[in-house]
Amino acid sequence: MAHSPRMLILGEDNQQVGALADQLRGAYEPIVPGSMEAGLAELRKDDVSGVCLVCDDKDALSAAALLLQHGGILQQIPDGLVLLDASLEIVWCNPRFQQLAESDEPEVVGRGFYDVFGTPDILGPDFCPFHTALGSGTASKSTLRIGERSYYQVQATPVLTPGQAAPNMVVVLVRDISAETLQQQKLNAIYQAGLELGDLAPQEILEMSVDDRIELLKSKIVNYTQDLLEFETVEIRLVDQATKRLEPLLVSGMEELAADRELHAKPQGNGVTGFVAATGKSYLCEDTANDPLYLPGAPDARSSLTVPLILHDQILGTFNVESPRPGAFTENDLQFLELFSREVAVALNTLELLVAEKMTTASESINAILREVARPVDEVINDAARVLDRYIGHEPKVTERLQRILKHTRDIKQLIQKVGDAITPKGSNPSIPPRPQRPKLRGKRILVADDDDSVREAAHELLGRFGCEVETAHNGDEALLMTRSFQYDAVLADIRLPDMTGYECFCQLRDIQSDLPVILMTGFGYDPDHSIVKARQAGLKAVLYKPFRIDQLLDEVEAACCNSVENTIHAD
């Protein structure tokens with residue numbers, strides 16, 4: 001005998017529900033549950049052919065039928081939906097919740113909500129969302145962590161059953177927020193990594209050399225790239241702003257030929273790295289075998305991602321990662337690497353600022369030492385010149401001993417300068433321009449005659465900075481004595497010396513050495529004795545005005561030294 005179709009009848013009015021059941025009996029087998037929970041349990045059975053809802057409100061009847069019928073909206077929504085009783089046992093759920101639960105048990109109805117997820121971590125803000133909803137009668141929200149990489153947001157809404165003062169059921173919406181949560185965590189981790197990249201304690205700065213700090217920074221970059229971004233192959237190159245050459249700073253996982261390859265910041269012929277360095281645009285290479293820009297890097301690389309290192313709109317270099325899988329990098333990977341590269345650029349800049357500060361400190365220290373040493377050294381040389389002038393030709397042994405004293409005295413300043421060059425740190429970033437050089441001045445011996453201490457000190461500092469061996473005289477007599485005793489490449493003399501005019505000094509210097517370059521100095525063009533005019537008529541080539549402009553001082557001395565060399569060559 002065939003069974004009649006089973007019809008589930010739900011409603012709030014028991015008389016209306018009973019009357020409808022009597023009318024349907026015969027054509028259908030009416031099912032009248034005693035509660036909503038029992039009705040939902042019946043609904044989950046495959047043999048229920050339909051649902052009858054008894055309701056006086058037509059709009060409510062239409063909405064309820066749309067929600068509850070088998071395969072309806074509640075079954076199709078993308079979030080998990082579950083109905084819990086007061087003991088937090090599952091009364092009903094949609095298929096999406098079953099997927100989110102990933103339960104080994106085929107049936108989750110009747111089980112505790114938290115048991116289905118294997119006792120997850122409750123992250124808040126409400127650490128008892130279901131009890132809050134049941135107890136307060138208001139909705140509550142929280143976040144659950146399941147395992148290491150799954151995060152679910154749960155929103156609990158209490159359900160009031162007619163005739164009861166307090167809710168005894170709760171509807172829970174379960175939404176998978178793993179992707180956005182993990183992305184935010186990675187963004188936060190990148191920010192924290194950036195802080196740690198540039199974080200150097202005062203003790204570390206004091207105890208670590210520049211090379212040590214560079215190696216520490218490189219190791220941090222590799223660790224964060226592999227552990228945080230999960231990229232195994234790393235290559236960072238920095239742009240030499242003068243030559244546009246891309247100098248390797250950090251290479252991990254690249255073939256040796258690729259690491260040693262000469263690349264420049266040019267869009268053509270220099271691979272993806274050169275293109276990114278030239279344009280400042282990131283480049284996602286999804287298939288290295290078919291990308292015209294790609295040059296072989298990591299072994300078996302099938303895809304790569306390259307972003308620029310940019311600071312204050314200046315391209316410092318490039319950051320490249322590669323993978324053996326084609327299409328391994330996503331737009332999220334690109335975003336993460338661009339963010340991390342900004343932190344790397346800031347860390348590199350911080351490191352270079354420390355290097356620049358140390359360079360400046362070392363230079364200032366050496367200059368201060370040289371300033372203090374210059375005066376007593378000049379006094380020794382002046383006195384030695386007077387003694388030498390008396391004994392030369394008469395006491396060979398005394399003369400020889402004095403020559404040795406002079407040599408050792410002059411070596412003092414050169415040794416201080418060499419020590420300064422040795423302790424001055426060199427920057428790791430080729431974008432920092434080197435200190436301007438004047439190779440034509442290095443090793444040139446310059447005599448400065450002036451009775452003003454500040455002028456003599458300035459000459460020591462400005463010319464000594466570029467490798468000149470500066471010696472000074474207080475007056476014209478000392479200048480003539482030292483010119484007779486020693487060889488100079490050029491002489492700078494004030495036009496108003498205590499014992500003679502600039503013109504007189506110029507003429508007597510030329511009498512001692514006819515081709516000796518002489519530069520006269522004057523303050524604000526003041527020349528009551530017309531020394532400059534007379535000296536020009538006698539062959540003077542250059543005049544300097546005090547206070548010195550450094551570029552003019554260097555240019556005039558450099559030109560004078562070059563003329564001296566040319567005159568020597570012609571004389572030979």
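## Strands, cores and cavities

Author: In the hairpin of E14 and E15, which leaves 2 residues between the strands, His312 takes a positive phi near 55°. The model is a predicted one, and the questions can start from the whole chain.

Reader: How many helices and strands does the protein have, and what share of its residues counts as buried?

Author: The secondary structure comprises 19 helices and 22 strands. Among contacts with a separation of 6 or more, 59% join residues 24 or more positions apart. Of the 572 residues in the protein, the share that counts as buried is 45%.

Reader: Is strand E15 enclosed or open to the outside, and how many of its residues are buried?

Author: A residue is called buried when its relative accessible area is under 20%. Strand E15 is largely enclosed by the rest of the structure, because the number of its 10 residues that are buried is 9.

Reader: Which strand pairs with E14 over 3 bridges?

Author: Ser304 of E14 stands opposite Cys285. The pairing over 3 bridges is in the antiparallel sense, and the partner is strand E13, residues 283-285.

Reader: Where does the lining of the largest cavity come from, and which helix supplies the largest share of it?

Author: The structure holds 4 cavities of 30 Å³ or more, and about 130 Å³ of space lies in the largest. Its lining has 18 residues, of which Glu235, Arg261, Thr273, Leu295 and Glu322 lie nearest the centre. Strands E10, E14 and E15 and helix H12 each supply at least two lining residues. The largest share, 3 residues, comes from H12.

Reader: Which element gives the largest share of the largest nonpolar core?

Author: The largest nonpolar core has 34 residues, and those with the most contacts inside it are Leu447, Met482, Phe486 and Leu520. Elements that each supply at least two of its residues include helix H14 (396-423), strand E16 (445-449), helix H16 (476-485) and strand E21 (518-523). The largest share of this core, 7 residues, comes from H13.

Reader: How many residues does the second, separate core have?

Author: As a general rule, nonpolar side chains in soluble globular proteins tend to be buried together. The second core includes Val222, Leu305, Leu316 and Phe319, and its number of residues is 31.

Reader: Is Thr472 buried or exposed, and which residues is it in contact with beyond its neighbours within four places in sequence?

Author: Thr472 is found in strand E17, residues 469-473. Its relative accessible area is 2%, so it is buried. Leaving aside neighbours within four places in sequence, Thr472 is in contact with Asp378, Asn382, Leu447, Val448, Arg456, His460 and Met482.

Reader: What does Phe486 touch, not counting residues up to four places away in sequence?

Author: Phe486 is one of the residues with the most contacts inside the largest nonpolar core. With residues up to four places away in sequence set aside, what Phe486 touches is Ile381, Ala385, Leu388, Leu406, Arg410, Arg445 and Glu471.

Reader: Which strands are at the edges of the open sheet of 6 strands?

Author: The sheet is antiparallel and has the order E5-E4-E9-E8-E7-E6, with a twist that averages 25° from one strand to the next. E6 pairs with E7 over 4 bridges, and Pro125 stands opposite Ser142 in E7. The strands that pair on one side only, and are therefore its edges under the rule that pairing needs at least two bridges, are E5 (90-93) and E6 (121-125).

Reader: Which helix packs on this sheet, and about what angle does its direction make with that of E8?

Author: The helix is H7, residues 129-136, which touches strands E4, E7, E8 and E9. Its direction makes an angle with that of E8 of about 15°.

Reader: How far apart in space are Ile221 and Leu250, C-alpha to C-alpha?

Author: Ile221 has its place in helix H10, residues 210-227, and counts as buried because its relative accessibility is 1%. In sequence, Ile221 and Leu250 are 29 residues apart, while in space their C-alpha separation is 8.9 Å.

Note on methods. Residues numbered from 1 in each chain as written. Predicted model: local features only at pLDDT ≥ 70, side-chain atom pairs only at ≥ 80, totals over all residues. Heavy atoms only, no water. Buried < 20%, exposed > 50% of the residue type's maximum accessible area, 1.4 Å probe, protein only. Contact = heavy atoms within 4.5 Å. Core = buried A, V, L, I, M, F, W, Y, C linked by side-chain atoms within 4.5 Å. Axes fitted to C-alpha atoms, helices over the stretch in contact; angles between N-to-C directions. 1 Å grid on protein atoms, 1.4 Å probe; cavity = no way out; pocket = protein on both sides within 12 Å on 5 of 7 lines; lining within 4 Å. Points joined across faces, edges and corners; volume = space filled by probe spheres on them.
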